[in-house]
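I opened a new notebook page for this structure.

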Amino acid sequence: MIVKIGAGLATYKEKFTVVDDEKQVNETEIVEGGYLDMGFTLYRVRLEVIENEGNSSSCITKSTIEYEMKEESVANASFVSIQTLVNIMEVVATYLVGKVVMDY
């Protein structure tokens, strides 16, 4: 997958390293460009869907960003933000809620 990210950061390629439908977990790692060009040696995103006990019509989404970087690039850690993932989850939630309403 090739992604263009904002805030002046370059295009990057990522690969899915974990896709577990049973546990509802996906992990991706950047394999080229983007954060790797900024001195990161690892940039991994984990998305997990957690079922809401007793409420089958909602769930909790958990996102984790894990990274490692070269010592000389530590100042670039400030570019790491969960906000993009939050924005994506909000758009998906809005779409899914609208879809459920339309299906009824």
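I began with the aromatic rings. I found 4 aromatic pairs, where rings of Phe, Tyr and Trp (its six-membered ring) pair if their centres lie within 6.5 Å, with planes under 30 degrees apart counted as stacked, over 60 as edge-to-face and the rest as tilted. I looked up Tyr35 and Phe40: the ring centres are 5.2 Å apart and the planes stand at 75°, so this pair is edge-to-face. For Tyr35 and Tyr43, the centres are 4.1 Å apart and the planes lie at 10°, so I noted this pair as stacked. Tyr35, Phe40, Tyr43 and Tyr67 form one aromatic cluster.

I noted how the values were made. The model is predicted, so local features need pLDDT of at least 70 and side-chain atom pairs count only at pLDDT 80 or more, while totals for chains, interfaces and linings use all residues. Residues are numbered from 1 along each chain as its sequence is written, and side-chain values use heavy atoms, with hydrogens and water left out.

Next I asked: are Tyr35 and Tyr43 buried or exposed? Both are buried (under 20% relative accessible area; exposed is over 50%, partly exposed in between, with a 1.4 Å probe and protein chains only). Tyr35 has a relative accessible area of 8%. Phe40 is buried too, at 2%.

Then I looked up the core. The largest nonpolar core has 10 residues, among them Tyr12, Ile30, Tyr35, Phe40 and Tyr43. Such a core is a set of buried Ala, Val, Leu, Ile, Met, Phe, Trp, Tyr and Cys residues joined through side-chain atoms within 4.5 Å. Strand β4 (residues 40-51) gives the largest share, 3 residues.

I turned to the fold. I listed 1 helix and 5 strands, taken as DSSP runs numbered from the N terminus (helices H or I, at least four residues; strands E, at least two). Along the sequence the pattern reads β-β-β-β-β-α. Of the 104 residues, 23% count as buried.

I finished on the surface. Ile88, Val92, Tyr95 and Leu96 form a nonpolar patch there, with about 390 Å² of accessible area together. Accessible areas come from the Shrake-Rupley method with a 1.4 Å probe, and for residues only the protein chains shown count as cover. Val92 lies in helix α1 (residues 83-103). I noted Val92 as partly exposed, at 40% relative accessible area.

Notes: Patches are made of residues with over 30% relative accessible area and no salt bridge: like charges are joined within 9 Å, nonpolar side chains (Val, Leu, Ile, Met, Phe, Trp, Tyr) within 5 Å. A salt bridge is a side-chain nitrogen of Lys or Arg within 4 Å of a carboxyl oxygen of Asp or Glu.
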